[in-house]
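Here is a short note to read beside the model. Keep the viewer open and go point by point.

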Amino acid sequence: MKPLVSIIMGSTSDLPVMEKACKWLNDNQIPFEVNALSAHRTPDAVAAFAKGAKDRGVKVIIAAAGMAAALPGVIAAETPLPVIGVPIKGMLDGLDAMLSIIQMPPGIPIATVGVNAAQNAAILAAEMIALGDEEVAEKVQAWKAGLDVKIEKANKELHEIKYDYKCN
């Protein structure tokens with residue numbers, strides 16, 4: 001089995017956030033890999049990873065970063081693959097990381113999800129892969145079809161909560 005998605009984080013301290021991406025991909029049977037590589041502490045390893053990812057069959061890279069948040073940009077500069085940045089909440093509630101990830105120069109785009117939104121990054125990666133992979137497209141479609149069921153259940157549960165002046 002070869003990974004279609006590569007999840008990269010600057011350190012394992014980001015794992016509690018990125019586990020949501022791992023879980024979503026795993027639950028939807030989309031092969032992925034997870035690595036800790038630092039743009040500042042292991043720049044040569046980051047460059048080698050990014051340059052070789054496409055040849056290894058990776059289709060999309062999810063890169064998590066906090067504070068200076070250089071990792072997604074460094075990876076995007078070294079690969080032709082789409083990169084999704086996940087800003088990690090740290091200082092300034094993750095605003096610093098988000099701004100670092102979205103403010104890329106022309107020619108180095110990074111799709112960016114919300115602060116700590118690892119699950120959305122996994123879903124977006126799957127949607128990108130689904131453009132050329134019918135099996136992944138069916139998995140994404142099936143998962144999204146279940147979203148309405150979750151909300152309908154929640155709405156039903158809300159109706160069962162009783163208050164003296166609640167009208168529904």
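1. Start with exposure. Buried means under 20% relative accessible area, exposed means over 50%, and partly exposed lies in between (1.4 Å probe, protein chains only). Arg-41 counts as exposed, because its relative accessibility is 63%.

2. Know the ground rules. This is a predicted model, where local features need pLDDT of at least 70, side-chain atom pairs count only at pLDDT 80 or more, and totals for chains, interfaces and linings use all residues. Residues are numbered from 1 along each chain as its sequence is written, and side-chain values use heavy atoms, with hydrogens and water left out.

3. Next, the annotation. An unreviewed UniProt entry marks Ser-11, Asp-14 and Arg-41 as "binding site". UniProt positions follow the numbering used here, feature names are shortened, and annotations may be inferred rather than shown by experiment.

4. Look at Asp-14. Its place is in the loop between β1 (5–9) and α1 (15–27). Helices (H or I, at least four residues) and strands (E, at least two) are DSSP runs, numbered from the N terminus. Asp-14 is buried, because its relative accessible area is 9%. Not counting residues up to four places away in sequence, Asp-14 touches Met-9, Ala-64 and Ile-88; contact means heavy atoms within 4.5 Å.

5. Back to Arg-41. This residue lies in the loop between β2 (32–36) and α2 (43–52). With residues up to four places away in sequence left out, Arg-41 touches Gly-10 and Ser-11.

6. Check two backbone angles. Most residues other than glycine have a negative phi. Gln-29 has a positive phi of about 55 degrees. Asn-116 also has a positive phi, near 65 degrees.
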